[in-house]
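Subject: Structure handover

Hi,

Here is the structure for you to take over. My notes follow below it.

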Amino acid sequence: MRRVTQLVHTTAAAANVLSLLPNISTFCTPFVPISNNLSQDKFNFFSHTSLFLTRNQKWRQNMLLATRPLLKDGNLSINGKEVLKDVPDNIVVMPLTDTSAFVGATSPHASSRHVFKLGVIKDVRLLCLFRFKLWWMIPRTGSSASDIPLETQMLLLEARQGPTSSQSTYIIFLPVLDGNFRSSLQGNSSDELEFCVESGDPAVVTLESLKAAFVNYGDHPFDLVKDSMMILEKQFGTYLAYHLQMPGILDWFGWCTWDAFYSDVNPQGIKDGLMSLSQGGTPARFLLIDDGWQDTINEFLEQGEPFVDGLQFGSRLASIKENKKLRRIANEANSKTPSDLKEFISDIRRTFDLKYVYVSHALLGYWGGLVPNIVATKNYDPKLRYPILSPVYLANMRDISMDSMGKHGIGLVDPDKISQFYDDLHGYLS
């Protein structure tokens, strides 16, 4: 079941009054930038709408206006605190709950990639999590928007209640998916917070992204993160780890083969490693066989030629089965090589009392995808594609694997057949 419990902190008196009122969304107008450019017709509409509010409804609306994210006079205020100054006119704030809202922007020009300025952040304690590599995320702290790196995935601000107060309000910004566009946060040298939205496809363009980032506030940073994720879960229909039962491997010590072998993993080496751990008094109870067990082909590595770093990422998956290191061929009856992966795993399970055995594989099968135009992969109809990386990738830490994929291409499974590919691969492994 996907059940979300929302906790609302308020006084008993306020709770009694609020319980008698209808949903605020039935009479609360959307937040828009308040400026002198607001037309008289729009002004009259908002004024006439407010005439229908009862006294209690007006009180509740004013109370929420004081706490909800509010864009007014070029400043974004949250819980009565100015968070962003000099907010441009094209920024849009759309309320979501009593404490949260979506932030977006509009542009006069359609594009597959936009960078919008949100406003100025200065003299505030902040923590951000950003992708310093395409698959690694690390924290950074600072005091102004210029400290916020590209590809920031979470931004947490601390706002003091007053100069001498020990109490703080915490504000979180989370970039989210908006239709076909992903977003990320970043700062610039003028201490302006920006968000970047991109589709990754030059043919997929937009004039606006109205839900590019989610903003929320609370009194406790850990509760704020969890509550924000649960609001987004309900909004987007996604599923969070909070609901999942912890896997059994967390109760046991285990071993991953990567640091010992990289892709040169082999059956005897795995046995030697497990034996060493047992003899040292720290027996592994689960094993992760990392890169190196799969059946791959690399057309760029010539036998006898010197190794060139990066060429290994041109390797492609030739079949869903294990490679010859883990599978004995017919004329090797006396070989120590196991007959297949199943025999090997059964053997080490018994010998070393392993409770769990895992293998890893790339989401696209292997680093370079699948080998096109061969019998073993024809059911998945892989086509060679050359990824074009976002400009933000070039600004943080580049990686030779991604550069190699852009050069040598990826054998991309037909999107209509990706489920069949996973079913076949995981079915074979199970």
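In what order do the 3 strands of the open sheet lie, and is the pairing parallel or antiparallel? The order is 1-2-3, and the pairing is antiparallel. Strand 1 (70-72) and strand 3 (81-84) are the edge strands, each pairing on one side only. Neighbouring strands of this sheet are turned by 40 degrees against each other on average, direction ignored.

First, the ground rules. This is a predicted model, in which local features need pLDDT of at least 70, side-chain atom pairs count only at pLDDT 80 or more, and totals for chains, interfaces and linings use all residues. Residues are numbered from 1 along each chain as its sequence is written, and side-chain values use heavy atoms, with hydrogens and water left out.

On terms: strands are DSSP runs (E, at least two residues), numbered from the N terminus. Two strands pair if DSSP finds at least two bridges between them. The angles lie between N-to-C directions of axes fitted to C-alpha atoms and run from 0 to 180 degrees.

Strand 2 (residues 75-78) runs antiparallel to strand 3, and 3 bridges join them. Ser-77 stands opposite Glu-82 of strand 3.

Next, strand 12 (residues 192-198).

Strand 12 has antiparallel partners. Strand 6 (residues 113-120) is joined to strand 12 by 7 bridges, with His-114 partnered by Val-197. Strand 11 (residues 182-187) is joined to strand 12 by 6 bridges; there Gly-187 has Leu-193 as its bridge partner. Strands 11 and 12 form a hairpin with 4 residues between them. In that turn, Asp-191 has a positive phi of about 60 degrees.

Cysteines: the disulfide count is 0 (a disulfide being a pair of cysteine sulfur atoms within 2.5 Å). Cys-128 counts as buried because its relative accessibility is 0%. Cys-256 is at 30%, so it counts as partly exposed.

Lastly, the surface. Leu-363 sits in the loop between strand 18 (356-359) and strand 19 (383-385). Leu-363 counts as exposed because its relative accessibility is 65%.

Best wishes

Technical notes:
Buried means under 20% relative accessible area, exposed over 50%, partly exposed in between (1.4 Å probe, protein chains only).
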